[in-house]
Amino acid sequence: MSLQESSGVALWRQVADGIERGIADGRFAAGEKLPGEIEIADTYRVNRHTVRRALAALAERGLVRAERGSGTYVEAQRLAYPLRSRTRFSEIVGAGGREPRGQLIDASEEPATRELARELGLKTGAPLVRIESVRLADRTPICVSTNWLSADRFPGAGAVFANVRSMTKLLAHYGVRDYRRASTRVTATIVDASDAARLDLALGRPVLVVDSTDVDTDGKPLVTKRARFAAERVEFLIENGQ
(Lines give C-alpha, C1' and ligand atoms only; values in the text may rest on other atoms or scores of the structure.)
Protein backbone atom coordinates (compact mmCIF):
# COMPACT_ATOMS: atom_id res chain seq x y z
CA MET A 1 0.00 0.00 0.00
CA SER A 2 1.61 3.25 -1.12
CA LEU A 3 0.71 6.54 0.56
CA GLN A 4 0.38 9.87 -1.18
CA GLU A 5 3.02 12.34 0.01
CA SER A 6 1.49 15.00 -2.22
CA SER A 7 -1.97 14.66 -0.68
CA GLY A 8 -1.31 17.37 1.90
CA VAL A 9 -1.95 14.87 4.73
CA ALA A 10 1.08 13.85 6.79
CA LEU A 11 2.20 10.27 6.25
CA TRP A 12 1.75 9.38 9.94
CA ARG A 13 -1.83 10.64 9.76
CA GLN A 14 -2.53 8.51 6.69
CA VAL A 15 -1.17 5.45 8.52
CA ALA A 16 -3.28 6.26 11.60
CA ASP A 17 -6.37 6.73 9.42
CA GLY A 18 -5.74 3.40 7.71
CA ILE A 19 -5.47 1.54 11.00
CA GLU A 20 -8.56 3.33 12.32
CA ARG A 21 -10.52 2.21 9.26
CA GLY A 22 -9.35 -1.34 9.94
CA ILE A 23 -10.69 -1.10 13.49
CA ALA A 24 -13.99 0.39 12.29
CA ASP A 25 -14.61 -2.29 9.64
CA GLY A 26 -13.63 -5.17 11.91
CA ARG A 27 -10.31 -6.15 10.34
CA PHE A 28 -8.77 -5.45 13.74
CA ALA A 29 -11.12 -6.68 16.46
CA ALA A 30 -11.37 -5.34 20.00
CA GLY A 31 -8.63 -6.86 22.13
CA GLU A 32 -6.68 -8.05 19.09
CA LYS A 33 -2.96 -7.45 18.78
CA LEU A 34 -2.02 -5.23 15.84
CA PRO A 35 0.75 -6.22 13.43
CA GLY A 36 4.23 -5.19 14.57
CA GLU A 37 5.85 -1.89 13.64
CA ILE A 38 8.00 -3.46 10.92
CA GLU A 39 5.00 -5.16 9.29
CA ILE A 40 2.95 -1.95 9.38
CA ALA A 41 5.91 0.00 7.96
CA ASP A 42 6.24 -2.51 5.12
CA THR A 43 2.49 -2.42 4.43
CA TYR A 44 2.40 1.36 4.09
CA ARG A 45 5.97 1.73 2.75
CA VAL A 46 7.01 4.16 5.46
CA ASN A 47 9.69 4.14 8.14
CA ARG A 48 9.16 2.91 11.71
CA HIS A 49 9.28 6.45 13.13
CA THR A 50 6.17 7.27 11.07
CA VAL A 51 4.45 4.12 12.36
CA ARG A 52 5.30 4.97 15.97
CA ARG A 53 3.85 8.44 15.60
CA ALA A 54 0.65 7.01 14.06
CA LEU A 55 0.25 4.48 16.89
CA ALA A 56 0.93 7.18 19.50
CA ALA A 57 -1.83 9.32 18.01
CA LEU A 58 -4.26 6.39 18.10
CA ALA A 59 -3.28 5.65 21.71
CA GLU A 60 -3.93 9.28 22.70
CA ARG A 61 -7.46 8.89 21.33
CA GLY A 62 -8.01 5.68 23.28
CA LEU A 63 -8.28 3.46 20.18
CA VAL A 64 -5.23 1.30 20.89
CA ARG A 65 -3.09 0.44 23.90
CA ALA A 66 0.62 -0.40 23.96
CA GLU A 67 1.61 -3.14 26.40
CA ARG A 68 5.24 -3.13 27.45
CA GLY A 69 7.15 -6.02 25.93
CA SER A 70 4.04 -7.42 24.24
CA GLY A 71 2.78 -5.14 21.48
CA THR A 72 -0.10 -2.83 20.62
CA TYR A 73 -3.72 -3.94 21.09
CA VAL A 74 -7.05 -2.59 19.92
CA GLU A 75 -8.93 -1.15 22.87
CA ALA A 76 -12.27 -2.76 23.66
CA GLN A 77 -15.44 -0.70 23.70
CA ARG A 78 -16.08 1.18 26.91
CA LEU A 79 -17.39 -0.99 29.70
CA ALA A 80 -20.89 0.02 30.82
CA TYR A 81 -20.46 0.22 34.60
CA PRO A 82 -23.63 0.74 36.68
CA LEU A 83 -23.27 2.57 39.99
CA ARG A 84 -25.97 1.20 42.23
CA SER A 85 -26.60 -0.08 45.75
CA ARG A 86 -25.16 -3.49 44.85
CA THR A 87 -22.13 -2.87 42.66
CA ARG A 88 -20.06 -5.99 41.97
CA PHE A 89 -17.12 -5.69 39.57
CA SER A 90 -17.10 -9.37 38.62
CA GLU A 91 -20.82 -9.42 37.83
CA ILE A 92 -20.64 -6.23 35.77
CA VAL A 93 -17.68 -7.41 33.70
CA GLY A 94 -19.10 -10.92 33.29
CA ALA A 95 -22.45 -9.54 32.13
CA GLY A 96 -20.58 -7.77 29.33
CA GLY A 97 -19.19 -11.07 28.08
CA ARG A 98 -15.69 -10.42 29.38
CA GLU A 99 -13.61 -12.25 31.96
CA PRO A 100 -13.15 -10.41 35.28
CA ARG A 101 -9.75 -10.68 36.92
CA GLY A 102 -8.21 -9.23 40.05
CA GLN A 103 -4.54 -8.92 40.96
CA LEU A 104 -3.18 -8.05 44.39
CA ILE A 105 -0.63 -5.26 44.30
CA ASP A 106 0.02 -4.92 48.02
CA ALA A 107 -1.54 -5.62 51.41
CA SER A 108 -0.49 -4.03 54.66
CA GLU A 109 -1.76 -2.77 58.01
CA GLU A 110 -1.98 0.86 59.02
CA PRO A 111 -3.77 2.96 61.69
CA ALA A 112 -7.06 4.58 60.74
CA THR A 113 -6.95 8.28 59.96
CA ARG A 114 -9.77 10.41 61.27
CA GLU A 115 -11.54 10.27 57.88
CA LEU A 116 -11.19 6.50 57.46
CA ALA A 117 -12.28 5.93 61.06
CA ARG A 118 -15.41 7.99 60.43
CA GLU A 119 -16.27 6.02 57.29
CA LEU A 120 -15.78 2.67 59.00
CA GLY A 121 -17.34 3.56 62.36
CA LEU A 122 -14.07 3.01 64.21
CA LYS A 123 -11.84 5.02 66.53
CA THR A 124 -9.02 7.07 65.06
CA GLY A 125 -5.88 4.95 65.13
CA ALA A 126 -7.76 1.62 65.00
CA PRO A 127 -5.82 -1.02 63.01
CA LEU A 128 -6.85 -1.33 59.36
CA VAL A 129 -5.97 -3.72 56.55
CA ARG A 130 -5.15 -1.82 53.37
CA ILE A 131 -5.50 -3.79 50.11
CA GLU A 132 -4.26 -2.36 46.83
CA SER A 133 -5.37 -4.20 43.70
CA VAL A 134 -5.88 -3.83 39.97
CA ARG A 135 -9.07 -5.10 38.31
CA LEU A 136 -9.13 -6.24 34.69
CA ALA A 137 -11.67 -7.16 32.02
CA ASP A 138 -10.02 -9.88 29.96
CA ARG A 139 -6.45 -8.54 29.76
CA THR A 140 -7.40 -4.85 29.93
CA PRO A 141 -6.84 -3.04 33.24
CA ILE A 142 -9.99 -1.13 34.21
CA CYS A 143 -9.24 0.29 37.64
CA VAL A 144 -6.81 0.39 40.52
CA SER A 145 -8.53 0.13 43.89
CA THR A 146 -7.43 0.85 47.45
CA ASN A 147 -9.61 -0.83 50.09
CA TRP A 148 -9.56 -0.40 53.85
CA LEU A 149 -11.14 -2.86 56.32
CA SER A 150 -11.02 -3.31 60.08
CA ALA A 151 -8.06 -5.53 60.96
CA ASP A 152 -9.93 -6.74 64.07
CA ARG A 153 -13.03 -7.82 62.13
CA PHE A 154 -11.13 -9.14 59.09
CA PRO A 155 -7.79 -10.50 60.36
CA GLY A 156 -5.51 -11.69 57.58
CA ALA A 157 -7.69 -10.10 54.91
CA GLY A 158 -4.69 -9.38 52.69
CA ALA A 159 -3.75 -13.05 52.47
CA VAL A 160 -7.37 -14.00 51.79
CA PHE A 161 -7.63 -11.48 48.94
CA ALA A 162 -4.39 -12.78 47.43
CA ASN A 163 -6.08 -16.18 47.23
CA VAL A 164 -9.63 -15.28 46.13
CA ARG A 165 -8.83 -12.01 44.21
CA SER A 166 -12.33 -10.65 44.80
CA MET A 167 -13.71 -8.37 47.50
CA THR A 168 -17.08 -10.17 47.39
CA LYS A 169 -15.38 -13.53 47.95
CA LEU A 170 -13.19 -12.03 50.67
CA LEU A 171 -16.22 -10.80 52.60
CA ALA A 172 -17.96 -14.15 52.10
CA HIS A 173 -14.90 -15.83 53.64
CA TYR A 174 -15.69 -13.93 56.84
CA GLY A 175 -19.37 -14.78 56.72
CA VAL A 176 -20.65 -11.64 54.99
CA ARG A 177 -23.00 -12.99 52.31
CA ASP A 178 -24.63 -9.73 51.29
CA TYR A 179 -23.74 -6.06 51.41
CA ARG A 180 -24.72 -2.82 49.75
CA ARG A 181 -23.23 0.50 48.77
CA ALA A 182 -23.98 3.18 51.36
CA SER A 183 -22.29 6.11 49.65
CA THR A 184 -20.58 6.93 46.36
CA ARG A 185 -18.69 10.04 45.29
CA VAL A 186 -17.23 10.45 41.78
CA THR A 187 -14.55 12.97 40.85
CA ALA A 188 -12.04 13.25 38.01
CA THR A 189 -8.31 13.87 37.94
CA ILE A 190 -5.18 13.19 35.90
CA VAL A 191 -3.49 9.83 36.39
CA ASP A 192 -0.32 9.80 38.47
CA ALA A 193 2.82 7.89 37.46
CA SER A 194 2.10 4.88 39.67
CA ASP A 195 -1.47 4.33 38.46
CA ALA A 196 -0.47 5.09 34.86
CA ALA A 197 1.89 2.11 34.93
CA ARG A 198 -0.71 -0.17 36.50
CA LEU A 199 -3.46 0.88 34.09
CA ASP A 200 -1.25 1.01 30.98
CA LEU A 201 -2.15 4.67 30.51
CA ALA A 202 -0.03 7.50 29.18
CA LEU A 203 0.79 10.24 31.66
CA GLY A 204 -1.72 13.05 31.40
CA ARG A 205 -4.72 10.79 30.72
CA PRO A 206 -7.87 11.27 32.85
CA VAL A 207 -9.09 8.88 35.53
CA LEU A 208 -12.45 8.77 37.28
CA VAL A 209 -12.07 8.48 41.04
CA VAL A 210 -14.84 6.66 42.91
CA ASP A 211 -14.85 6.93 46.71
CA SER A 212 -17.37 4.58 48.30
CA THR A 213 -18.29 2.72 51.47
CA ASP A 214 -20.07 -0.64 51.66
CA VAL A 215 -22.17 -1.77 54.63
CA ASP A 216 -23.73 -5.06 55.73
CA THR A 217 -27.47 -5.73 55.92
CA ASP A 218 -27.54 -4.12 59.38
CA GLY A 219 -25.95 -0.96 58.01
CA LYS A 220 -22.59 -1.55 59.71
CA PRO A 221 -19.62 -0.36 57.60
CA LEU A 222 -17.51 -3.14 56.09
CA VAL A 223 -15.07 -1.59 53.67
CA THR A 224 -14.30 1.86 52.35
CA LYS A 225 -12.45 2.23 49.07
CA ARG A 226 -11.00 4.57 46.49
CA ALA A 227 -11.03 3.23 42.92
CA ARG A 228 -9.32 4.97 40.00
CA PHE A 229 -10.91 4.03 36.67
CA ALA A 230 -9.34 4.62 33.25
CA ALA A 231 -11.85 7.16 31.93
CA GLU A 232 -11.51 6.01 28.31
CA ARG A 233 -12.45 2.42 29.21
CA VAL A 234 -15.65 2.87 31.23
CA GLU A 235 -18.92 4.75 31.18
CA PHE A 236 -20.76 5.03 34.47
CA LEU A 237 -24.51 4.42 34.55
CA ILE A 238 -26.43 5.86 37.49
CA GLU A 239 -29.27 3.47 38.31
CA ASN A 240 -31.73 4.99 40.76
CA GLY A 241 -33.47 2.64 43.14
CA GLN A 242 -31.21 -0.31 42.36
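1. Y81 is buried, its relative accessible area being 6%; here buried means under 20% relative accessible area, exposed over 50% and partly exposed in between, with a 1.4 Å probe and protein chains only. Y81 forms an edge-to-face aromatic pair with F236, at 5.9 Å centre to centre and with 70° between the planes. Rings of Phe, Tyr and Trp (its six-membered ring) pair if their centres lie within 6.5 Å; planes under 30 degrees apart count as stacked, over 60 as edge-to-face and the rest as tilted. Y81 belongs to strand β3 (residues 79-83) and F236 to strand β10 (residues 234-238), so the pair ties together parts that are 155 residues apart in sequence. Helices (H or I, at least four residues) and strands (E, at least two) are DSSP runs, numbered from the N terminus.

2. The model is predicted: local features need pLDDT of at least 70, side-chain atom pairs count only at pLDDT 80 or more, and totals for chains, interfaces and linings use all residues. Residues are numbered from 1 along each chain as its sequence is written, and side-chain values use heavy atoms, with hydrogens and water left out.

3. How many aromatic pairs does a search of the whole structure find? The search finds 5. One aromatic cluster is formed by Y81, F89, F229 and F236.

4. F154 lies in the loop between β6 (140-150) and α6, and Y174 in the loop between α7 and β7, so the pair ties together parts that are 20 residues apart in sequence. F154 counts as buried at 1% relative accessibility, whereas Y174 counts as partly exposed at 24%.

5. Two arginines lie over aromatic faces: R27 over that of F28, at 5.8 Å from the ring centre, and R139 over that of Y73, at 4.6 Å from the ring centre. For this, NZ of Lys or CZ of Arg must be within 6 Å of the ring centre and within 35 degrees of the ring normal.

6. R181, in strand β7 (residues 180-190), is buried, with a relative accessible area of 12%. Its side chain is joined to that of D214 by a polar contact of 2.7 Å. Such a contact is a pair of N or O atoms within 3.5 Å; within protein, one must be able to donate a hydrogen and the other to accept it, and residues adjacent in sequence count only if both atoms are side-chain atoms.

7. Helix α3 (residues 48-60) has 13 residues and reaches 18 Å from its first C-alpha to its last, close to the 18 Å expected at 1.5 Å a residue; the expected span is 1.5 Å times one less than the number of residues. Its buried residues are T50, V51, A54, L55, A57 and L58. They cover an arc of only 155° around the axis, which puts them on the same side of α3; the arc is that of the directions from the helix axis to the C-beta atoms. The face turned away from that buried side carries the exposed residues H49 and E60.

8. G62, whose phi is positive, near 80°, follows α3.
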